[in-house]
Amino acid sequence: MVRLNFDGACHPNPGLAAWGCVIVTDTHTHAGGGPVPGTATNNVAEYAALGNGLKEVIKLGVTGQYVECIGDSQLVVNQVNGVWQCHDERLKKCLARVVELIGELEAMGNTVGAVWVMWACVWSWKSWRSATCLHFAHRRCSPLIWVRFCFAAHLSKKKNTFIQ
């Protein structure tokens with residue numbers, strides 16, 4: 001099984017946005033994140049997190065696995081699962097891209113599922129540095145930590161990043 005934890009955020013809403021994800025396979029843990037271009041809503045940032053995470057799973061060459069996508073956005077998870085309709089034009093494009101990426105993973109022999117969870121994590125915008133250090137020590141923390149890191153990167157114009 002491959003676990004893809006994803007999250008996105010913006011401040012204010014809409015405003016500067018960033019995404020983060022953590023991918024755990026049988027042999028590796030990958031963490032990534034980056035800014036969402038322009039001004040975006042929280043939902044667009046959530047879709048960016050899921051889409052970029054799925055792209056990374058495809059790049060890893062995962063085959064014959066169950067890919068579990070775990071996020072705290074009830075809207076994104078329910079739209080991806082077909083439970084809720086998507087009415088917003090920008091989100092329709094995001095959803096279509098995610099569905100396309102899921103199709104690519106399924107063509108590689110994978111099964112993909114999306115699960116909604118509420119993160120048990122409290123954080124502030126000002127504490128991203130200490131939280132990022134905690135993430136590197138534990139490697140399995142909420143992708144919210146990557147989102148904080150990426151907000152700082154957004155302000156310094158850094159690009160998307162994945163580490164192993």
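Residues are numbered from 1 along each chain as its sequence is written, and side-chain values use heavy atoms, with hydrogens and water left out. In this predicted model, local features need pLDDT of at least 70 and side-chain atom pairs count only at pLDDT 80 or more, while totals for chains, interfaces and linings use all residues.

User: In which helix is confidence lowest, and at what mean?
Analyst: The score is pLDDT, the predictor's confidence in each residue, from 0 to 100. The protein has a mean of 80, with 71% of its residues at 70 or more. Helix 3 (residues 89–107) is highest at 98, and the lowest is helix 4 (residues 128–138), at a mean of 35.

User: What pattern does the protein follow along the sequence?
Analyst: Helices (H or I, at least four residues) and strands (E, at least two) are DSSP runs, numbered from the N terminus. The protein has five helices and six strands. Read along the sequence, they give β-β-β-α-β-α-α-β-α-α-β.

User: Which element gives the most to the lining of the largest pocket?
Analyst: A pocket is an open set of points on a 1 Å grid over the protein atoms alone, where a 1.4 Å probe fits, with protein on both sides within 12 Å along at least five of seven lines; lining residues have an atom within 4 Å of a point. Of the 16 lining residues, Tyr47, Ala48, Asn52, Lys55 and Cys94 are the closest to the centre. Strand 3 (29–40), helix 1 (42–59) and helix 3 each supply at least two residues of the lining. With six residues, the most comes from helix 1.

User: Is glycine 51 buried or exposed?
Analyst: Glycine 51 is placed in helix 1. Buried means under 20% relative accessible area, exposed over 50% and partly exposed in between (1.4 Å probe, protein chains only). Because its relative accessible area is 8%, glycine 51 is buried.

User: Which residues does glycine 51 touch, not counting those up to four places away in sequence?
Analyst: Phenylalanine 6 lies 45 residues from glycine 51 in sequence and 9.2 Å from it in space, C-alpha to C-alpha. The residues that glycine 51 touches are Val98 and Leu101.

How values were computed: Contact means heavy atoms within 4.5 Å.
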